[in-house]
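Take a look at the structure below.

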Amino acid sequence: MRFTFIFILFLSIVSCKKDKQSKSTIPQETQTDEILSKSEDSIELKAVSKSEDSTNLKAISTKEFTEFKVLDSKNLTKAEIWDLVNQKLDDFTDEDYHRLIPIVVEQDILSLQEHVKDGSLNYEELTKFYLYRIRKYDRENPNSLNSVIAVNPNVIDQAKKLDQQKIENTHPIYGMPILLKDNINASGMATTAGAVALKDNYVDDAFIVKQLKSKGALILGKANLSEWAYFFCGDCPSGYSAIGGQTLNPYGRRVFDTGGSSSGSGVSVSANFAAATLGSETSGSILSPASQNSAVGLKPTIGLVSRSGIVPISSTLDTAGPITRTVMDNAIVLDAIFGEDKSDSKSIYALWDPGFYTNDIKKASLEGKRFGAPKRLLEDTLYLNALAVLKNQGAEIVEIDEEKLGLPNFLRLLNLDMKKDLPTYLENYANKDIGLKSVADVMEYNLQDSIATMPYGQSLFKGIVEDQGDSLFLVRIKDTLNTNGKQYFDIPMRNHKLDGFLSINNYHAGFAAVAEYPAITVPMGYTKEGKPKGLTFIAKRLQEKMLLEWAYVYEQASKARKAPEL
């Protein structure tokens, strides 16, 4: 990134990358809170329409990092993570682990619940299995992934209690061990956002964590992330944080990018370290790591899921959402976490009964559904294969030209939002003992030991502090971006009578972000080099139920996901 390779979306940008084999071009992934890794193939992006943010920016193309300035954390050891848990795992042996592999690894939530019901598994064993697997594979070994940043010291005891209660007619999330991106507040563990400055940020549960717990979910631990949700350093790879070290992609460690900023959430669920994970997105931070790690990631409509108690970038665009191995699991997690939070200014009152997202999903059909496929994407073989699958399921594919719209001042929006939103979090949701009140305070803290806290610098934080835009300017930016984002999808949807929009990975995450529209990505296969890619469905506001149904039909017809080898 070196500011010449900052934010591939921030902008009104459509990027193209060279396919060295065919010499064809396809759009590069758009990102905001996550930035693609450094490459020798850096190319200047071509803006669809000029904006003051995009004229001087370049982005990095598709080669992935093979070398990192920092790999293992300098601020956290494996021993520290497991100090309070090891003794509770003493009675879980390698024999137990291998016995449970067939009924846990790659099993969806409903299958896990069936195994509990038939007595071949209980919640304590399931929790210990995931903990044992994380400890065995995640850190300080040749196949490390560095995807988990903390484990809940009380989770085994909590699992035992659930086994003893044996409550009937529970939510499917009951007893399922969930990993949270480490910008989501959860009691018993620090919420660090990957930053040393927040290493002692022990706080109460965020609203969505309370939602999970109220339905019996188990909080297994915290997943690593791109520090400060990738809105911190101007020259760092995705998946790096000072606390968690460098997260690596299980399909190609040090070869393929993890995606950001919910890198640990995407990697850990793909590696079968939890039943499901939660990530957060400002623009692409769920879609990117989910697609890069062959998982299912849903970015909800802004306001459907609470943001209270989550370290922010932008109160305009932020949302939490599930990352899972299957679409049904994704629907189950969304069903468990949505709900009105009166402390969240954008929270939506959705009067839907439990099971709203899951009850009809297996009856879903694509017969007669019309999807828009941008012509620029049609040179991607995996995308073409996915379109063929959709057609075979009865969908109509309409080739479309995209609207010539940009995203002017996107970076300024993030600057001005975070300048006010981070102090709000620090005042209302952080541990007061950490003594931080602003972005400038964090920068000053980092200067005390820059090697340990910011080996890649903190240039994006510097940009936040220096941005002098006022509240009126921010309102104007929001209005323009929201209008452009909605028109980008609404015009072709209206003109072609489309039900949805089809993308790849997080290529169109920026437009979906500013439109506040939901999107879901589903594994669609692997390149000849073995790199995962996702088919991404985008729909209008509060159409998550339809997205999940479309994605489910595609997933069941394609069966594209393959588990990584650990």
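Keep in mind that this is a predicted model. Start with two strands. Strand E15 covers residues 500-504, and strand E17 covers residues 532-538. They run antiparallel, and 4 bridges join them. Within this pairing, Ile-504 of the chain stands opposite Leu-535 in E17. What holds such neighbours together? Strands of a sheet pair through backbone hydrogen bonds, either parallel or antiparallel.

Now step back to the whole sheet. It is open and has 11 strands. Follow them in the order E5-E7-E6-E10-E12-E11-E16-E17-E15-E13-E14. The pairing is mixed. Which strands stand at the edges? They are E5 (148-151) and E14 (396-400). Each has a single partner strand, so one side of each is left without a neighbour in the sheet. From one strand to the next, the twist averages 30°.

Helices pack on this sheet. Helix H16 (residues 471-495) touches E14, E15 and E17. Its direction makes about 125° with that of E15. Helix H18 (residues 544-558) lies across E11, E13, E15, E16 and E17. H18 runs at about 10° to E16.

Next, look at charge. Side chains of opposite charge can pair when their charged atoms come close. How many salt bridges does a search of the whole structure find? The count is 23.

One of them joins Lys-128 and Asp-91, with the closest N and O atoms 2.9 Å apart. Lys-128 lies in helix H4, while Asp-91 lies in the loop between helices H1 and H2, so the pair ties together parts that are 37 residues apart in sequence. Are these two partners buried or exposed? Lys-128 counts as buried, because its relative accessibility is 4%. Asp-91 is exposed, at 52%.

Return to strand E17 for another pair. Lys-533 forms a salt bridge with Asp-380, and the closest N and O atoms are 2.5 Å apart. Lys-533 sits in E17, and Asp-380 sits in the loop between E13 and helix H11. They are 153 residues apart. Lys-533 is buried at 7% relative accessibility. Asp-380 is buried too, at 5%.

A further salt bridge links Asp-467 to Arg-412, again with 2.5 Å between the closest N and O atoms. Asp-467 lies in the loop between helices H15 and H16, and Arg-412 lies in helix H12, so parts 55 residues apart in sequence are tied together. Asp-467 counts as buried, with 6% relative accessibility.

Notes:
Residues numbered from 1 in each chain as written. Predicted model: local features only at pLDDT ≥ 70, side-chain atom pairs only at ≥ 80, totals over all residues. Heavy atoms only, no water. Pairing = 2+ DSSP bridges. Axes fitted to C-alpha atoms, helices over the stretch in contact; angles between N-to-C directions. Contact = heavy atoms within 4.5 Å. Salt bridge = Lys/Arg side-chain N within 4 Å of Asp/Glu carboxyl O. Buried < 20%, exposed > 50% of the residue type's maximum accessible area, 1.4 Å probe, protein only.
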